[in-house]
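Dear colleague,

Please find the structure below, followed by a short account of what was found in it.

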Amino acid sequence: MLNQTVLVGRLVKDPEVKTLEDGKEVSNITLAVQRSYKNENGEYDCDFIDCTLWKGIATNTAEYCKKGDIIGVKGRVQTDTYEVDGESRKRMSVVAEKVTFLSSKAKDTEDEKTEDKDIDM
């Protein structure tokens with residue numbers, strides 16, 4: 001069996017890190033990933049994909065990345081079950097194993113050379 005996905009997209013908002021009771025750091029981000037084909041209006045649609053980053057990946061991404069930056073995420077798909085008003089619901093997300101910083105809007109607008117930076121779990 002294989003559960004692996006690779007995404008490249010733009011951050012929808014600035015990453016924020018939360019520290020859990022056990023001391024682990026986590027960041028939940030959303031990537032806007034453009035589809036490879038145009039819709040009937042001649043425009044590209046986007047999928048908004050939730051990703052969970054842990055430990056060093058979470059802190060480094062929050063430190064170096066902002067809304068609009070392009071990042072690559074390699075990870076696995078995970079399904080979580082939770083309850084709302086006594087009703088069971090499911091949510092799918094990607095748990096990151098590696099994040100690559102590809103492009104920064106702030107650096108690009110300053111005409112600086114953007115370096116790729118890989119962060120592993």
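Thr-61 counts as buried because its relative accessibility is 0% (buried means under 20% relative accessible area, exposed over 50%, partly exposed in between, with a 1.4 Å probe and protein chains only). This residue has its place in helix H1, residues 55-64 (helices, H or I with at least four residues, and strands, E with at least two, are DSSP runs numbered from the N terminus). Beyond its neighbours within four places in sequence, Thr-61 is in contact with Pro-15, Leu-53, Val-99 and Phe-101 (heavy atoms within 4.5 Å).

The model is predicted: local features need pLDDT of at least 70, side-chain atom pairs count only at pLDDT 80 or more, and totals for chains, interfaces and linings use all residues. Residues are numbered from 1 along each chain as its sequence is written, and side-chain values use heavy atoms, with hydrogens and water left out.

Three salt bridges are counted, each defined as a side-chain nitrogen of Lys or Arg within 4 Å of a carboxyl oxygen of Asp or Glu. One of them joins Asp-47 and Arg-35 at 2.7 Å, N to O. This pair links distant parts of the chain, with Asp-47 in strand E4 (residues 44-54) and Arg-35 in strand E3 (residues 25-38), twelve residues apart.

Arg-91 forms a salt bridge with Asp-50 at 3.7 Å, N to O. Arg-91 lies in strand E6 (residues 87-103) and Asp-50 in strand E4, so the pair ties together parts 41 residues apart in sequence. Arg-91 also meets Asp-80 in a salt bridge at 3.9 Å, N to O; Asp-80 is in strand E5 (residues 70-84).

Yours sincerely
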